[in-house]
Every structure is written in C-alpha cells, then in structure tokens.
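Hello,

Here is the structure for your files. Please look it over before reading the notes below.

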Amino acid sequence: MVTTHIDTRTFLDLIKIVHVAYNREVIGSLFGRCNGNRLYVEAAIPAHKIISKPTWLEISEEQAARLEAPVETIEEWLGYYHSHCRYWNNESQVIVSSTPSERDLRLFLNEQNKLLLIFAANRIERRVPLCVRGDYISGTFNGGADGKYHIKVRAYHRNGGRHRIAGISVPRRGLEKVFL
C-alpha cells in the first residue's frame with residue numbers, strides 16, 4: 001500500500017487554505033519526495049485563477065503547467081490537493097465527502113500524477129472528535145469568528161490504471177495544532 005506522509009507545517013498550510021476558501025473548491029500542487037511506496041509531502045502551493053463552480057472546477061493548460069513546474073528547494077512534484085465544500089442543491093445544503101468525483105479522477109489522478117489529496121470541509125455546530133485511521137484523518141478545526149469546521153482528508157494514488165486509497169499520516173503534534 002502507498003503511504004502518504006505530510007509534514008506538520010504543510011498540513012497546517014493545507015487546512016488554512018481550505019478554511020480561507022471555504023465556499024469555493026481549491027486546488028494546488030504537492031511537492032516532496034518519493035521513496036518506494038512512501039510519499040513525503042513537504043510543500044503545498046495553491047493555484048489561482050481557476051474557474052470554479054460549487055460542484056466542479058476547471059484549470060487551464062497554462063495553469064496546470066505552472067502548477068507542475070519544479071520548485072528549486074523541493075525535489076519532486078507529487079500531484080494535487082483539492083477540496084470539496086458544501087453547496088446548495090434544490091434549497092438544501094449538500095454535505096460533502098472526501099470521495100473523488102469522476103471529474104476529479106480525470107483531472108487530477110492521471111498517469112503522471114502520483115497523488116491526490118481531497119479535503120472535505122463542512123461547517124458544524126458541535127465538535128467532532130479527532131479520528132486518525134490508516135486511510136483518512138478527520139477532526140474539528142476552529143475557524144475563529146467563522147465557526148467550526150469538520151474537515152476530513154483522504155489520499156488517493158493511481159495503480160494499474162485505477163485509483164486506490166492511499167494510507168495517510170501526519171505527525172501527532174501537527175494534528176494537535178490543527179484540530180480541537
């Protein structure tokens with residue numbers, strides 16, 4: 001099984017990006033290094049000027065090329081991160097999940113990409129306990145005046161032409177900095 005390790009600073013950066021852009025889906029690139037079946041995410045760089053609708057987004061070829069360009073201090077481009085946020089559907093809000101849509105898989109998890117992280121953010125009233133499993137991380141993020149958010153993150157990779165759920169880990173101190 002492929003395992004994704006996200007360092008504390010990068011995880012905190014990703015949660016902040018998802019929180020700030022809560023009502024819009026976001027996308028960005030993940031950089032780090034690969035060691036066999038272990039992916040080490042050491043930086044996340046957000047994309048800008050993305051065409052975004054409540055249930056989908058679109059990225060231009062120029063923006064994709066810039067997102068995938070190497071960064072001098074980071075060894076390798078690993079793939080994308082992407083968020084799902086609540087949206088309205090026939091007068092009610094839809095609670096989103098960290099499951100990729102077919103469109104997500106086509107856009108973000110093709111032959112070149114090793115990794116796709118999906119963050120699901122839902123505004124909540126009460127605290128949801130931190131849950132760390134091998135295949136996802138979930139907890140409550142305090143957005144200050146904006147309220148609380150239940151955020152769940154799951155990693156996916158491509159193997160043999162199909163997408164697979166990857167293991168995911170963040171240092172415990174990183175989780176304690178992020179979640180209530």
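**Findings**

The disulfide count is zero by the distance rule, where a disulfide is a pair of cysteine sulfur atoms within 2.5 Å. As background, a disulfide is a covalent bond between the sulfur atoms of two cysteines. C34 is partly exposed, at a relative accessible area of 30%. C131 is partly exposed too, at 25%. The classes are: buried under 20% relative accessible area, exposed over 50%, partly exposed in between (1.4 Å probe, protein chains only).

This is a predicted model: local features need pLDDT of at least 70, side-chain atom pairs count only at pLDDT 80 or more, and totals for chains, interfaces and linings use all residues. Residues are numbered from 1 along each chain as its sequence is written, and side-chain values use heavy atoms, with hydrogens and water left out.

**Confidence and overall numbers**

Mean pLDDT (the predictor's confidence in each residue, from 0 to 100) is 81 for the protein chain, and 82% of its residues reach 70 or more. Confidence is lowest in strand 4 (residues 51-53), with a mean of 51. It is highest in strand 1, at 94.

The protein chain has four helices and 13 strands. These are DSSP runs, numbered from the N terminus: helices are H or I, at least four residues, and strands are E, at least two. Of the 180 residues, 48% are buried. The chain exposes about 9,700 Å², and carbon and sulfur atoms supply 48% of that. Areas come from the Shrake-Rupley method with a 1.4 Å probe; for residues, only the protein chains shown count as cover. Among contacts (heavy atoms within 4.5 Å) with a separation of 6 or more, 69% link residues 24 or more positions apart.

**Strand pairing**

Two strands pair if DSSP finds at least two bridges between them. Strand 6 (residues 76-85) runs parallel to strand 9, over seven bridges. S83 stands opposite F119 there. Strand 12 pairs with strand 9 in the antiparallel sense, over nine bridges.

Strand 12 (residues 148-159) also pairs with strand 13, antiparallel, over five bridges. A155 has A166 as its bridge partner in strand 13. The two strands form a hairpin with two residues between them. G160, in the turn, has a positive phi of about 60°.

Strand 13 (residues 162-169) is also joined to strand 1 (residues 3-6), in parallel, by three bridges. H5 is bridged to S169.

**Two buried sites**

Strand 9 is largely enclosed by the rest of the structure, because nine of its ten residues are buried. I118 is buried, with a relative accessible area of 0%. Its bridge partner in strand 12 is R154. Beyond four places in sequence, I118 has contacts including H82, H84, T99, D104, V153 and Y156. T99 is 19 residues from I118 in sequence, with a C-alpha to C-alpha distance of 7.4 Å.

T140 sits in strand 11 (residues 137-142). T140 is buried as well, at 0%. The side chain of T140 reaches the backbone nitrogen of V128 at 2.5 Å. Not counting residues up to four places away, T140 touches several others, including I124, R127, K148, Y149 and F179.

Best wishes

Technical notes:
A polar contact is a pair of N or O atoms within 3.5 Å; within protein, one must be able to donate a hydrogen and the other to accept it, and residues adjacent in sequence count only if both atoms are side-chain atoms.
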